Amino acid sequence: MRDFDDLLASNRSFADTFELSGFDGIAHAGVAMVTCMDSRIDPLRMVGLKPGDAKILRNPGGRVTDQALVALVLGVNLLKVNRVMVVEHTRCAMAKSTEEELKTMVGDAAGIDASWMSLGAIVDQESTIRADVLRVRSHPLIDESVLVGGFLYDVDTGLLTQVP
């Protein structure tokens, strides 16, 4: 239990000024964002939002995976999401290595063969972003009125660039 004491202490401080009690859980700004799990990304603040404004979905590379797509369908149909942002970022580990290189690195770190696992290396970020945007736009349970955009976030400047 002591391994988490620092985090639990911080949580108690957080709870002392907790302001989201009774929150309804909808996306008040109507935004959902699929982005990478990279700790350099602060999804809400980078677009001027606050807790309660958006649904944030994070995974390696910021990909629209099957599970992310399920979350987007729920967000659009039940949680008032009307804009979806697909956000990858510069200097992403998923875009710096091939699938085989990632598998080798993971296998070496784990001491177990990882060649069987699909890790999702990104060969071309802009093409991947476009494909993921199309995947969201073409889903039959996401209405065509929902705005979907793809973006590349620069981890060194904090700027977002929309991918056409």
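Which residue in β2 is the bridge partner of T35? I looked, and R58 is the partner of T35 in β2.

**Ground rules.** I'm working from a predicted model, where local features need pLDDT of at least 70 and side-chain atom pairs count only at pLDDT 80 or more, while totals for chains, interfaces and linings use all residues. Residues are numbered from 1 along each chain as its sequence is written, and side-chain values use heavy atoms, with hydrogens and water left out.

**Strands.** My helices (H or I, at least four residues) and strands (E, at least two) are DSSP runs, numbered from the N terminus. I count two strands as paired if DSSP finds at least two bridges between them. β1 (residues 31–36) pairs with β2 (residues 54–59) in the parallel sense, over six bridges. β1 also runs parallel to β3 (residues 83–89), joined by five bridges; there, V31 has R83 as its bridge partner in β3. I then checked burial, with buried meaning under 20% relative accessible area, exposed over 50% and partly exposed in between (1.4 Å probe, protein chains only). Six of the six residues of β1 are buried.

**Cores.** For me a nonpolar core is a set of buried Ala, Val, Leu, Ile, Met, Phe, Trp, Tyr and Cys residues joined through side-chain atoms within 4.5 Å. The largest one has 19 residues, and V64, L72, V84, V136 and I142 have the most contacts inside it. β1, α3 (66–78), β3 and α6 (125–137) each supply at least two of its residues. The largest share, four residues, comes from α3. Another core, of 18 residues, lies apart from it and includes V31, M33, C36 and L102.

**Helix α6.** I noted Q125, T128, I129, D132, V133 and V136 as the buried residues of α6. Seen down the helix axis, they fall within an arc of 135° (taken from the directions from the axis to the C-beta atoms), so they line one face of α6. I looked up what covers them, taking contact as heavy atoms within 4.5 Å: the list includes α3, β3, α4 (93–96), β4 (147–153) and β5 (160–163).

**Aromatics.** I found one aromatic pair in the structure. The ring centres of F14 and F18 are 5.5 Å apart and the planes are at 65°, so I log the pair as edge-to-face. The cut-offs: rings of Phe, Tyr and Trp (its six-membered ring) pair if their centres lie within 6.5 Å, with planes under 30 degrees apart stacked, over 60 edge-to-face and the rest tilted. F14 is partly exposed at 49% relative accessibility, and F18 is partly exposed at 40%.
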